[in-house]
Amino acid sequence: VHDLPVDLVLVRHGQSEGNLYKLMKPEGKRERLHFRHTSDFRLTNLGRAQARRVGKLIATQVGQFDMMFCSEYTRAIETAAEMGLPESRFQTDFLIREVESGNQ
């Protein structure tokens, strides 16, 4: 008999530079972000606060995890780390990522 997971909790990354990209002025930070791959966009200060907040919510409502999985995107790794769940190990997986499907 295998110990199967009981809970599956999905958490989206916190606010990232990419979420603010269209709101930025063309010169300055937007121009620097324009040439970076979207997988390298980092969390904003608000995104880090959101990750800490959801980490506290998970700790009180769910408890600890045996394992967390996240994409290799910088913002996802930062979110997992900022959640502050020291008993929960996290692992990145190339197959967990955003997929661009065009304008909807």
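User: Which residues does Gly 55 touch, not counting residues up to four places away in sequence?

Analyst: Contact means heavy atoms within 4.5 Å. Leaving out residues up to four places away in sequence, Gly 55 touches Met 83 and Leu 85. Gly 55 and Met 83 are 28 residues apart in sequence, yet their C-alpha atoms are 4.1 Å apart in space. This is a predicted model, in which local features need pLDDT of at least 70 and side-chain atom pairs count only at pLDDT 80 or more, while totals for chains, interfaces and linings use all residues. Residues are numbered from 1 along each chain as its sequence is written, and side-chain values use heavy atoms, with hydrogens and water left out.

User: Where does the confidence stand lowest and highest in the protein chain?

Analyst: pLDDT is the predictor's confidence in each residue, from 0 to 100. Where pLDDT is low, the predicted coordinates should not be read in detail. Here the protein chain averages 85, and 90% of the residues score at least 70. Helix α2 (residues 29-34) has the lowest confidence, at a mean of 78, and α3 the highest, at 95.

User: What span should helix α3 have, and how far apart are its end C-alpha atoms?

Analyst: The expected span of a helix is 1.5 Å times one less than its number of residues. For the 17 residues of α3 (residues 45-61) that gives 24 Å, and the end C-alpha atoms are 24 Å apart, which agrees. Just after α3, Gly 63 has a positive phi of about 100°.

User: Which residues of α3 are buried?

Analyst: Buried means under 20% relative accessible area, exposed over 50%, and partly exposed in between (1.4 Å probe, protein chains only). In α3 the buried residues are Gly 47, Ala 51, Gly 55 and Ile 58. Seen down the axis of α3, they fall within an arc of 80° and so line one face of the helix; the arc is that of the directions from the helix axis to the C-beta atoms. An α-helix has 3.6 residues a turn, so residues three or four places apart point the same way. Gly 55 itself has a relative accessible area of 1%. On the face turned away from the buried side are the exposed residues Asn 45, Arg 53, Lys 56, Thr 60 and Gln 61.

User: What covers the buried residues of α4?

Analyst: The cover includes α3, β1 and β2. The buried residues in question are Arg 75, Ala 76, Glu 78, Thr 79 and Ala 80. In turn, α4 (74-82) is part of what covers the buried residues of α3. After α4 comes Gly 84, with a positive phi near 65°.

User: How many residues does the largest nonpolar core have?

Analyst: A nonpolar core is a set of buried Ala, Val, Leu, Ile, Met, Phe, Trp, Tyr and Cys residues joined through side-chain atoms within 4.5 Å. The largest one here has ten residues: Ala 51, Ile 58, Phe 65, Met 68, Cys 70, Tyr 73, Ala 76, Ala 80, Met 83 and Leu 85. The elements giving two or more residues to this core are α3, β1 (67-70) and α4. Among the residues that Phe 65 touches are Val 9, Ile 58 and Leu 85. Over the protein chain, 27% of the 104 residues count as buried.

User: Is Arg 89 buried or exposed?

Analyst: Arg 89, in strand β2, counts as exposed at 53% relative accessibility. Beyond four places in sequence, Arg 89 touches Asp 66, Met 67 and Met 68. Asp 93, in the segment after β2 (89-92), is partly exposed at 27%. With the same exclusion of residues up to four places away, Asp 93 touches Cys 70, Ser 71 and Glu 72.

Methods. Helix = DSSP H or I, 4+ residues; strand = E, 2+ residues; numbered from the N terminus.
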